[in-house]
Amino acid sequence: MSSWNQSPAFEFAKDILLKRYPGFVYGQELTNEEIPVFCLHSTTDVRFEAILKFLSENGYNTLSATDVYKLLKGKITGPKKKVILTFDDGHGSLWTFAYPLLKKYGHVATAFIVPGIVEERDRYYPNLADVWNGKALYDEIANRESGKQPFVTWEEIAEMSSSGTVDFQSHSYMHELIYTSPKIVNFLHSSLIARYSQFEIQSFISKKNGPSASIDNMLGMPLYESSPRMSGKLRYIDSEQVKDKCIDHVKRNGGESFFARDGWEKNLMNIAQNCASYHKLKKSFETQKERNEAIEYSLAKSKEILE
C-alpha cells in the first residue's frame, strides 16, 4: 500500500483504466508465453469455489512455484492452459476455506507469507473439511480472521505444505511499511486501523514503544507518506517528540471520542507543526547503507525461518 489515503480499490481501478494488465484481461487471446497470475488475500468458500470450479470446467491447470521456476528455466513446457493462484500474507481463510477446496478440486496454490508474524497454534482451528465431515459447525470457521488468530499458524502451514497442495514462499520478514517523506497524510484512529492490516500499522510503532505496544494506545500518531520497505526508498525518520505530543493530546482530550469532533485533523496537524517548529526539528533519512542492510536482513531472516 503506497499511501494511507489511497485505497486498494482505487489503485485497482486506475490500473484497469490505464491498461496495465496483460491483454487477456481485456478479452484478447491468451498466448502460450503468458501465464495469468491471480493474487488473493482473504477469501470465502463461495468465492473461491467458484474460481476453482471455473478453472476445472474449462481445462485450466494450476502451477506451483516449482513448476513456474522449471518453466522459466526451460526444463518443462507445461500445459497450454495454465494459471497461478497466489495468496498474500497468510490470512486464516487460506486454512479454513482455500486449502480444503484446493484439495477437493485437485489444484495447487502458492502462499507468500510473513514469517515474522506467524505464531504457534494455541488450539486446533477447524476448517471446511471438518464442516463437511460433521466435526465442526460452519459458524466456527466463518469469522476466523476477526478472532485472536487471524493468520495461519506454523502447524497449519506444515500440514498444507506437506500435502503438496500449498507451496509457501516469502513475503519478506515483517511486510514492513516505511515512512518516505515528512509529509503527514493522516493520524492513527480506529476507522483507519480497520482498513489496514495490523502488522502494517505496527511498522510505525517505534522500538521505544516496544514490539507488543497496543495500537489502541497510539491513537493520534502522525502517519507520513509511506511505501513498502522492499520498494528501495530511503526511510524518513519521524520525530518521537511530535509523535508523543499528538498521542498525549488525544489521550488528554477524550481518547477515541476526540475523533468525533469537527476539525480534529486540523487540530492535530497544528500541534505536530508547532512541535516541530519549537524543537527546530530537521528532516532526517536513513543512509543508503542502512536501507540496504534492512532489506538484506528482511530477505535473509525470512528465508532462514521458512527453511
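# Close-up legends for a predicted model

**View A. His175, at 14% relative accessibility, counts as buried.** The terms follow the relative accessible area found with a 1.4 Å probe on protein chains only: buried is under 20%, exposed is over 50%, and partly exposed lies in between. This is a predicted model in which local features need pLDDT of at least 70 and side-chain atom pairs count only at pLDDT 80 or more, whereas totals for chains, interfaces and linings use all residues. Residues are numbered from 1 along each chain as its sequence is written, and side-chain values use heavy atoms, with hydrogens and water left out. His175 sits in the loop between strand 5 and strand 6, where helices (H or I, at least four residues) and strands (E, at least two) are DSSP runs numbered from the N terminus. Although His175 is not a glycine, its phi is positive, at about 55 degrees. Most residues other than glycine have a negative phi.

**View B. Lys280 also carries a positive phi, near 50 degrees, in a residue other than glycine.** The loop that holds Lys280 runs between helix 11 and helix 12 (288-306). Lys280 is exposed, with a relative accessible area of 72%.

**View C. The largest nonpolar core holds 26 residues, and Phe48, Phe87, Leu94, Met160 and Phe168 touch the most other members.** A nonpolar core is here a set of buried Ala, Val, Leu, Ile, Met, Phe, Trp, Tyr and Cys residues joined through side-chain atoms within 4.5 Å. At least two residues of this core come from each of helix 2 (45-57), strand 3 (82-89), helix 4 (93-105), strand 4 (109-113), helix 7 (154-162) and strand 5 (166-170). Helix 4 contributes the most, with seven residues. Met160 is in contact (heavy atoms within 4.5 Å) with Leu94, Trp95, Tyr99, Val152, Thr165, Val166 and Phe168, once its neighbours within four places in sequence are left aside. In soluble globular proteins, nonpolar side chains tend to be buried together.

**View D. Thr43 lies in the loop between strand 1 (37-40) and helix 2.** With a relative accessibility of 6%, Thr43 counts as buried. When residues up to four places away in sequence are not counted, Thr43 touches Phe48, Phe87, Ser93, Phe97 and Ala98. Phe48 and Phe87, both touched by Thr43, are also among the residues that touch the most other members of the largest nonpolar core.

**View E. No disulfides are found: a search of the whole structure gives zero.** A disulfide is taken as a pair of cysteine sulfur atoms within 2.5 Å. Cys246 is in no disulfide, and the nearest cysteine sulfur, that of Cys275, is 7.3 Å away. Cys275 is likewise in no disulfide, with the sulfur of Cys246 as its nearest cysteine sulfur at 7.3 Å. Cys246 is buried, with a relative accessible area of 0%, and Cys275 counts as buried at 7% relative accessibility.

**View F. The second largest pocket has a volume of about 340 Å³.** Its lining numbers 16 residues, of which Pro182, Tyr224, Tyr236, Val242 and Ala276 are the closest to its centre. On a 1 Å grid over the protein atoms alone, a pocket is an open set of points where a 1.4 Å probe fits, with protein on both sides within 12 Å along at least five of seven lines, and lining residues have an atom within 4 Å of a point. Grid points are joined across faces, edges and corners, and the volume is the space filled by probe spheres set on the points. Strand 6 (177-187), helix 10 (240-252) and helix 11 (264-278) each supply at least two lining residues, and helix 11 gives the largest share, four residues. The lining divides into ten nonpolar, four polar and two charged residues; Ala, Val, Leu, Ile, Met, Phe, Trp, Tyr, Cys and Pro count as nonpolar, Asp, Glu, Lys and Arg as charged, and the others, Gly among them, as polar.

**View G. His249 belongs to helix 10.** At 14% relative accessibility, His249 counts as buried. Its contacts, leaving aside neighbours within four places in sequence, are with Phe258, Asn267, Leu268 and Ile271. The C-alpha atoms of His249 and Gly220 are separated by 7.8 Å, although the two residues are 29 residues apart along the chain.

**View H. Ser226 lies in strand 7 (residues 222-228).** Ser226 counts as buried at 2% relative accessibility. From C-alpha to C-alpha, Ser226 and Ile184 are 9.8 Å apart in space, and they are 42 residues apart in sequence.
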